[in-house]
Amino acid sequence: MAQLRMRSAQGSNSAEIEKKIKRGNALRQSSAWRGFRGSVALLMVALSVFGAAVWLYIMSLDSEITETLASQRELVTPKPRVFLVQCSEDYENYKRYPGCTPQKCGRAVTDNVVTREEARVLQRLAERGLALAGSEGGASILDLHSGALSMGKQFVNIYRYFGDQLSDVFTQEDFQLYREVRGRIQAVIAETFGLDPTLMYLTKPTFFSRINSTTAKTQHDEYWHPHIDKVTYGSFDYTSLLYLSDYGSDFTGGRFVFMDQNGNRTVEPRAGRVSFFSSGSENIHRVEKVTWGTRYAITVSFTCDPAHAIADPTLP
């Protein structure tokens, strides 16, 4: 169009230029413009599916926390602090399991399930395990179920790679405490959401995480991106985080952020604190970048589908 106008200006008088401009405008209102509007319509359909998540992602990156659901300084006990939200439609895309599939959705926080002393024991377990290797970037994981351990830019299986050395790293008591804590977390989720705990199953990935301020080296290190667990993993129906270290003293940054359309809501980690929520897009979330220190936590995940169940870990 710019070239057309330049040629018109060079070879026609002002009246002819005006006529050509009008004809160009008419063309834009005809088939070409209708085609453009059709493309926009298709785009809007696509955005109707992903728009909420995209909007939340863009708006949340620089937005401030508008509400703190639980600060590190306070003690949430004896009952969980529960915040109900409307269930998303994510669960409609999967087989429903009566007694387990979310009918009531939300997020909750409790400091009455795991003691601070138990959390510190589990932190030392994570420290010993991750000391075997660790990521080159800021995020490392240790999965006692599958054996996955971050090593440089890759993962290794600790049970195969280290074998008999693990008896010098972990104890049967470590694994027993891990299993007991998992059971308590499962029980409080079931009680809070009105579920049959026998119809909930531990699922993967369930793992320890260690996050510090080291620059990310691979995509695995970029833990801070907003996501939806049910969309990312499929099998997830309920997600929980057990924090093993304290926000503000062991590390800064690293808060857990629920990203709602009317503002961000955060949980500040506290050793022994359990935060749990239904895993659909009603709970899109992210973790702030850790700016100092080291943040330890365990992600413990549950499914309603027995086909995706995993067993508690045992020390070989």
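The model is predicted: local features need pLDDT of at least 70, side-chain atom pairs count only at pLDDT 80 or more, and totals for chains, interfaces and linings use all residues. Residues are numbered from 1 along each chain as its sequence is written, and side-chain values use heavy atoms, with hydrogens and water left out.

Start with the sheet. Four strands form an open sheet in the order β1-β12-β11-β14, with mixed pairing. Its edge strands are β1 (65-70) and β14 (285-287), each pairing on one side only. The twist averages 30 degrees from one strand to the next. Angles run from 0 to 180 degrees between N-to-C directions, with axes fitted to C-alpha atoms. Strands here are DSSP runs (E, at least two residues), helices likewise (H or I, at least four), numbered from the N terminus. Two strands pair if DSSP finds at least two bridges between them. Strand β11 (residues 256-260) runs antiparallel to β14, and 3 bridges join them. Phe258 has His285 in β14 as its bridge partner.

Now the charged contacts. A salt bridge is a side-chain nitrogen of Lys or Arg within 4 Å of a carboxyl oxygen of Asp or Glu. The count comes to 15. Arg116 and Asp246 form one of them, at 2.6 Å from N to O. Arg116 lies in helix α4 (residues 116-130) and Asp246 in the loop between β9 (238-243) and β10 (251-253), so the pair ties together parts 130 residues apart in sequence. Asp246 also meets Arg120 in a salt bridge, at 3.2 Å from N to O. Arg120 is in helix α4 too, 126 residues from Asp246.

How exposed are these side chains? Buried means under 20% relative accessible area, exposed over 50%, and partly exposed in between (1.4 Å probe, protein chains only). Asp246 is buried at 4%. Arg116 is partly exposed at 29%, and Arg120 is partly exposed at 23%.

Another pair is Arg255 and Glu288, with their closest N and O atoms 2.8 Å apart. Arg255 sits in the loop between β10 and β11, Glu288 in the loop between β14 and β15 (290-293). Both residues are buried. Elsewhere, salt bridges that share partners join Glu67, Arg107, Asp260 and Arg265 into one network.

Last, the lining of the largest cavity. Helix α6 (172-193) and strand β16 (295-303) each supply at least two residues. The largest share, 4 residues, comes from α6.
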